[in-house]
Amino acid sequence: MASSRIASMGIEAVAQKLLNPDGNDFDVALLDYVVNAAYSPTDPNRAMANKALMALQETEHLWTKADTIMERAQNPQSRFFGLQVLDDAIRTRWRVLPTEQREGIKNYVVGKVIQVSSDETLANSERFFLSKLNLTLVQILKQEWPHNWVSFIPDLVGSSKTSEVLCENNMNILKLLSEEIFDFSRDQMVTQKVKTMKESLNSEFVAIFHLCEFILDHSQRPSLLKVTLQTLQRFLTWIPLGFIFQTSLPLFRNDTLDCLTEIGCLSDLDPEYDEVFRKLFVGFLGQLGRIFSPETDLTQPFENGSDDDCLFIQRLALFFTGYFNGHLKALETPDTQQSLIAGLFYLVRVSEVDDVEIFRICLEAWHMLSHDLFQAEHEFKTPDSMANVLNLGGSNSSTSSRRYIYGPVLTAVRQVMIAKMAKPEEVLIVEDENGDIVRETTKDTDVIAQYKTMRETLVYLTHLNSDDTESIMLSKLTAQVNGTEWSWNNLNTLCWAIGSISGAMSEDEEKRFLVTVIKDLLGLCEQKRGKDNKAVVASNIMYVVGQYPRFLKAHWKFLKTVVNKLFEFMHEVHPGVQDMACDTFLKIATKCKRKFVTLQTDERVPFIVELVETMPSIISDLEPHQIHAFYEAVGCMLSDKGPAVTVDRAALLEKLMEMPNRRWKMIMQEANTNVESLVEPNTIKEIIKILKTNNKTCGSIGTIYANQLQTFFMDLLNVYKVYSERISNTIAEKGPGATQLSLVRTLRSAKKEILRLLIVFIEKSGPPEADPLAVAQGFIPPVLDPILGDYQRNIPTSRDPEVLTLFTTIVEKLRSNVLGDVPRIMDSVFECTLQMITVNFEDFPEHRIRFFEFIRAVDSHCFQALFNIPPGHQKLVVDSVVWAIKHTERNVSDTGLNILLELLQNVGKTPNVAQGFYQQYLLALIQDVFAVMTDRLHKSGFKMHATLLRYMFHLVQMNQVTVPLFDLNVHPGMANPSFLRGHISDLLLKSFPNLTSSQVSSFVDGMFDLKMDLLAFKTHLRDFLIQLKEFSAEDNSGLFGEEQDAQKRQQLDAHEAHRNAVPGLLKPSEIVDEDL
């Protein structure tokens, strides 16, 4: 009857009655009705019901009805709603509630928790509600405990011994409390409150610990044992160490293992605990031995086992890895040596299972172990004995015995590493989920990171015993060649492992090893049938040879054989093979270029001569981007101009560019007859291909490219002009939207390619073929009108940012040689670009950063030119720099700060402009830097803010500013330092009312202190900023960014020094060849 009565009222009336109840009576039945509607996906009133519930939740005193709702509601969701309302009140209003109301809420929640959790049937049926109740209780504890609820822990421990069901829930509460205090409290409670709660929980832990011990000793209830272990695991990261070692945990597999893992990961402890860790480890192995032995193959049990079995193996990986990382040295005693080796073999077995995440966990331990053993051995080696395995005798005996102890384990680890080697970034051919061999489309960053760690591990393992590594690899290769273990995956992982240890062997060992490897791989390529098989073998050959340039440089016949094989692969149309062939050819050309341009034994001419003759047939099946890579490789060979190089490089360059030049001439001849042919889509695409070929060649060949550019430079500018005019006419005819038309976009792509070619040419220019003065006189004048005029005339959306990059490069490279051209360049690009980027901080991001890079280049290399432009433009330059330092994009603001410092330093070195500049701009610049420093948006720029302010204040204090910075009629007879002190003091007091006059006076005095070096000045500034109310409540780590960056740089430098010191850790592509 009641439900039909409520339904007849309609949802709006019901909601209104709930929001405005008559008297103190809250009708829970009405709430049930609204909640039913809100949670029913088919109810037509659902949206209105949800709106009503949201409005109801905002009602100020609804929390006082929470107990009524929870006791009387028929709908479970209504009870959750009531509990949520109460929870919100505890979190947001607790401090303002009267004491009796707080006690009432506390007693109700505790009573409700006990009521539900004491009855097993009720606890099971209401488990979600009980979980929410527990969280509400923890919210109260965060407010009340320990100061207002001292008896909470004793009461909870006492009640736990009365009932296993109640005890189980109490353990859940303790687990939640530990998580809240130690894991989730950072953003929700002040530091002092967290500290007090941690101290209380620590002091009360004796009682909690004895309760856990009592449960583990006496309970047979699985769910209680499980939650007790989980609770202990949460506590293990912070409880007093003594407790950890005063109890023995039952063999309750996964949860016990979690606890043991937490214990095992404890490190940097006093040596007195080493014996305890040894006993724990030996005891654990004894228990584990009852389940399986270190020789057991776990691959099948893992594949066919239950989820719990798989989880157990994963937890084993975590346990052993954590234990060995923290306590390896403690386990290296005569008594525990056998257990240590057994534990390592257990980890080998775990490493073998087919699970990437588990293997990555194990990999951490193997990397640590191999690195530790290598470091220990390396410390006792003399530099000339680095190639030997060991020096015997003396202080080296302990190192020798360690390596001997671990020998069998390391052999097993090498086997696992080689069998599971991750794919290197250079390999482009992969097996997809359907078992097909395809070209890789995306890079897997996790796999790349895994490869890096595995590569380092294998390098250390090879240094520890190169004979063992070589033996395993050659044995596996033989199994591939004879077919007993042939598979794509097996060959891939083996070859990736072979490639990864480049440089880790001595040159003689490497030669012996590689001769066998390359011969076997080339034979396998001839032996295998089928496109996919050949593609897999080909990719592996290419990867391996690309990793051993040292071997190839020393063995010309092998190098020639390999390169000719690459040329064969360039005709193989299987996806990815041609790409890898071109990439590998480029890699080899970079590292072995001298071998190709000098005459080798038994050769008629240098290889490069034959190469350019036969090139058309070699590249006949390649795609355009592959052809570009090929040209880059040949250009790289021709860039070598060492004394041993006797070939005519200019003639070879002409021969190399014969094909693109022939095609270019045909296009130009057609354009002379009909200029419209230049704007046909196919012709534009053809021009882009030719330009990209030239771009790649120019980038790799260097200054001699000037010979090639001269052959078509004017044609290039004419094409740029034609395309610019066509774009401008189309925009004039069809409006700004024309920039999105297909033809216009293609024309702009061609223009960008021309600009990129000119940029690369300028970057690479230099004597003798491209002397800066010759380039400035012959190159710049013809470029100015077609490129600068087009940029200035175009609408903003069709201006190419590459124009700014081109002229930045011209100024940086040609410097004083273009001093006279800078005013013309600035007149064309400055004002029109500034109008684009000062509308807001977001539009035209590329133009923005490139514009300020251009200003910086002019300021650094052609400073005098800034005062050869009209005064209005000079002011625009300063205004643009101020705009840059206020930018919220860090790279722009950092560039602006650097420009300002260089500008001030250059002004100081130029007496004829300095005083006028100071009078017009210095005071405003000081204010602008102060404004940026105190706006809380630019903390990362603090170092430069401090540098600039110190420079400007010291200029004034040292009387280097001789003109007045103020109006002499207003302040007659005042000196600049006195004026600036008063001006800055007034500015700060107005801007920050919370500061006192004495604080400001002390700060300003420090700003003028000439004895302060930059470090002291920064500290003075930083202390002042942190005093400000606006900064005091914020994260100010940005103010310490310089120190953090220095620490990171120091760590990176140490890491790089280590990588340089260990042969093989640097990839061949990372090694700089001094002789090239």
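Reply: Happy to! Let's begin with Glu470 and Arg512, which form a salt bridge whose closest N and O atoms are 2.7 Å apart. A salt bridge here is a side-chain nitrogen of Lys or Arg within 4 Å of a carboxyl oxygen of Asp or Glu. This pair links distant parts of the chain: Glu470 sits in helix α23 (residues 466-481) and Arg512 in helix α25 (residues 507-527), 42 residues apart. Helices (H or I, at least four residues) are DSSP runs, numbered from the N terminus. Glu470 is buried, with a relative accessible area of 8%, while Arg512 is partly exposed at 44%. For these words, buried means under 20% relative accessible area, exposed over 50%, and partly exposed in between, with a 1.4 Å probe and protein chains only.

Before we go on, a word on the model: it is predicted, so local features need pLDDT of at least 70 and side-chain atom pairs count only at pLDDT 80 or more, whereas totals for chains, interfaces and linings use all residues. Residues are numbered from 1 along each chain as its sequence is written, and side-chain values use heavy atoms, with hydrogens and water left out.

Now to a second pair. Glu71 and Lys112 form a salt bridge too, with 3.1 Å between the closest N and O atoms. Glu71 lies in helix α5 (residues 66-72) and Lys112 in helix α7 (residues 99-118), so this pair ties together parts that are 41 residues apart in sequence.

Arg349 is buried, with a relative accessible area of 13%, and Glu352 is partly exposed at 26%.

Salt bridges can also join up into a network, as they do among Arg748, Lys751, Lys752, Glu753, Arg756, Asp790, Asp800 and Glu802. In total, the structure holds 43 salt bridges.

How far can you trust the picture? The protein chain averages a pLDDT of 85, and 90% of the residues score at least 70; pLDDT is the predictor's confidence in each residue, from 0 to 100. Over residues 243-252 the pLDDT is below 50, and this stretch has 30 contacts in the model beyond near neighbours in sequence, a contact meaning heavy atoms within 4.5 Å. Residues 1029-1038 also have a pLDDT below 50, with 20 such contacts. Where pLDDT is low, the predicted coordinates should not be read in detail.

Methods: Helix = DSSP H or I, 4+ residues; strand = E, 2+ residues; numbered from the N terminus.
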